[in-house]
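Here is a short briefing to read alongside the sequence and the 3D view.

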Amino acid sequence: MTAPILDLVETQLVLPGGEASRSHGMLAIVVPAAAFLDSARRLKSEFGFDLFLDVTAIDWPQRTPRFDVVYHFYSTSHRTRVRLKVRVPQDEPVVDSLVSLYGAAHFMERECHDMYGIVFRGNDDLRPILLYEGFEGHPLRKDYPKLQEQPLVPYRS
Amino acid sequence: MNAPIPEFTLPNPVRPRFERGDRDDAVIVSIGPSHPATHGTIQVIAMLDGERVQRVDVHCGYLHRGFEKECEDHTWHNLIPYVDRLNYCSGLINDFAYCEAVETLMGVEITPRCRYLRTLLSEYSRIADHLTCVAASLMELGAMTAFLYLVMIRDYVYEHLADLTGARVTYTYGRIGGLARDLPEGWLTRLSEILDQYEVFIARIHGLMDRNRIFIDRTRNVGVISTADAINWGFTGPILRSTGANVDLRKDAPYLAYAELDFDVPVGINGDNYDRYYVRMREMDESVYMIRQLIEMLPEGPINVDDRRCTLPDKRLVYTEIESLINHFKLIMEGPDVPVGEVYTAHEAPNGELGFYLVSTGGGTPYKLHVRSPSFVHMGGVARMLEGYQLADIIPTFGSVNMIGGECDR
Amino acid sequence: MAGTTIPIRSAGAPSPAFEYFSTKKDEFVGWARKFSLFPYPFVTACCAMEFMAVSSSPYDTDRFGAALPRFSPRQSDLLMVVGTVTHKQAPILLKVYEQMCEPKWVMAFGACATSGGFYQNYAAVAGIDKIIPVDVYVPGCPPRPETVIDAIMMLQDRIAGSHHPIVTKTF
């Protein structure tokens, strides 16, 4: 039982170069990076997805656009969620930032940058939030070894 | 002549956003990250003009324990203890939200008894979490008596859950496809006793706090946020409801057995600290009402779904039959085989929308496990509730936001 | 044989009377210190729930004199590290420890403070004894309040039996 708004979104928001799919009750749309900010703006103003839930990324090291930046939105009026995906390559992991639309984007984009190294164009405050100053690398990428610690305080002998 | 003392410098793990105030006499104070009122792990760098807070820079991440990276190394079952320690005040809700996400991916449907029991335990955990939040925030305002009453009731709840799950705080009770074990004898009787005692204690707290002049002065019109601001900054849960917005996943997108229960969603008026306190108190009452309904509605039957892909077989069979032995072995060593796909499941945690985003490429370990934690998003927006108020108002506001470090930093 | 005496103590040792007095002084100071512990609860994670439980009824640490937390390191003598310490938090832990005055004791509360718990990755410090010296380790994830009380009593036994130089560096 999908909300009728999702059918509307699916027909109107899928652009050439993108695709839509449904899995486990949720609509997931892949949007090209250049059209992402416009799609998000339309989602918020036209379709009423006013709550920005989450942004994260998936690292596919064997695939050519290496990262999938995944966004989730929720509509309090239609009571449903939608997922947006943007594919970005490894050498230029840049996506438009959503800070102009949602205040919640500030912290969440900082976390995504920390963990994966995705650069959000338009968010001028990409300081480390979960990690600390001086941490090199992006831990959630598949090529970062889990046990590689970077201690700030030298260990007692 | 003394030898020069070598300079002992420690690296500063954060870079604050502002170095100096816009006035010469603006003071920059770092509150935290080891501070009782910031619940241990948040650093609030505040620029003060006298006692008034002008700008605030909130730093979290001091409890980042690498949960997501750790989970990529464990099987779907083995990481349930990690999931527990996200919002450690209400450990069962994390368990059940995660297990439901994996069950959705696998296409497993839980038994009716498990569904009702999970709902009952979710509401029980919600009570424990709200008790902790209200107790801590009242203690920070100086009301030690209220803290002691609430922690006493919470201790009864913990001992009772230890009867069922074996642990007081971090339970690891949810399993993919069901629960770890069924209710012991007399558990429901003791539950009714605890709920009756809860009412006695809560009546005392209401008597102490609701019309207390000092409490009202400290929390009314402090930390006010409007509905539009709250939605823009991603607030969910009691904070959003205290502004007047009727947004609750248990009513909007019912999961588990919530569609069959009769309950109200308390909603505030002002969006200030007093409203958040009162919304939490009323939510606890609604939870008690729901638990009483669920005790009547609880059906008989098995706890775990009879599905060999995720449920461990009975021990007697494991020791006598070769198929069960191999099944058990595979489930433990390799993990349940979850098909390729991705899912986002959200439950209404006591703090807001707790979402699990799982990506599976087949096999027994997750490819990616991301938690949408309400506390983290709230930390992004809490600056709106702190700026413009007094320095001493940071304490009740932070207490009412209920930031849980394990969930915020993961 | 006449005339030869074998000394019992070496020449410069303090007299038995002095040693008796010094032992009694140590016992008295130890008794006073062990029953007036001022904890600094360096609280980070889930163990905080059990710390709150052990501080209030029915497990009360006030019975042991260790009830009043002092949230300033200058005023406390027992540093209870409650919960996981990550690499980001480590400089803060070291700073707080260094700011405490002697005598001070450290309790590693919980599995994460003792050994890193089950967080073996890039973010968590594998036990706070890599950073500061620890006097008593409390196992458990989180430890039951009875375990914490047992640890406090163990620490109290250690304080009672240790040497307390209060006048000079040795006496």
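**Where chain C meets chain A**

Between chain C and chain A there are 8 residue pairs in polar contact, counting pairs with both residues at pLDDT 80 or more. Please keep in mind that this is a predicted model. The points below cover this interface and then the nonpolar cores.

*The interface*

- On the chain C side, the residues touching chain A comprise 9 nonpolar, 3 polar and 3 charged ones.
- The number of salt bridges between chain C and chain A is 0.
- In terms of contacts, 15 residues of chain C meet 19 residues of chain A.
- Together the two chains, C and A, bury about 1400 Å², and 64% of that lies on carbon and sulfur atoms.

*The nonpolar cores*

- The largest nonpolar core has 180 residues, and those touching the most other members are A:Phe52, A:Tyr71, A:Phe73, A:Leu98, A:Ile118, B:Leu121 and B:Met379.
- Helix H4 of chain B, spanning residues 112–140, gives the most to this core, contributing 12 residues.
- Setting aside neighbours within four places in sequence, A:Leu98 contacts A:Phe36, A:Leu37, A:Ala40, A:Phe52, A:Tyr71, A:Phe73, A:Ala105 and A:Glu109.
- Another core, of 31 residues, lies apart from the largest one, and B:Phe67, B:Ile80, B:Val305 and B:Cys310 are among its members.

Note on methods. Residues numbered from 1 in each chain as written. Chains lettered and ligands numbered in written order. Predicted model: local features only at pLDDT ≥ 70, side-chain atom pairs only at ≥ 80, totals over all residues. Heavy atoms only, no water. Contact = heavy atoms within 4.5 Å. Buried area = accessible area lost by both parts, 1.4 Å probe. Salt bridge = Lys/Arg side-chain N within 4 Å of Asp/Glu carboxyl O. Polar contact = N/O pair within 3.5 Å; in protein donor to acceptor, adjacent residues only side chain to side chain. Nonpolar A, V, L, I, M, F, W, Y, C, P; charged D, E, K, R; others polar. Core = buried A, V, L, I, M, F, W, Y, C linked by side-chain atoms within 4.5 Å. Buried < 20%, exposed > 50% of the residue type's maximum accessible area, 1.4 Å probe, protein only. Helix = DSSP H or I, 4+ residues; strand = E, 2+ residues; numbered from the N terminus.
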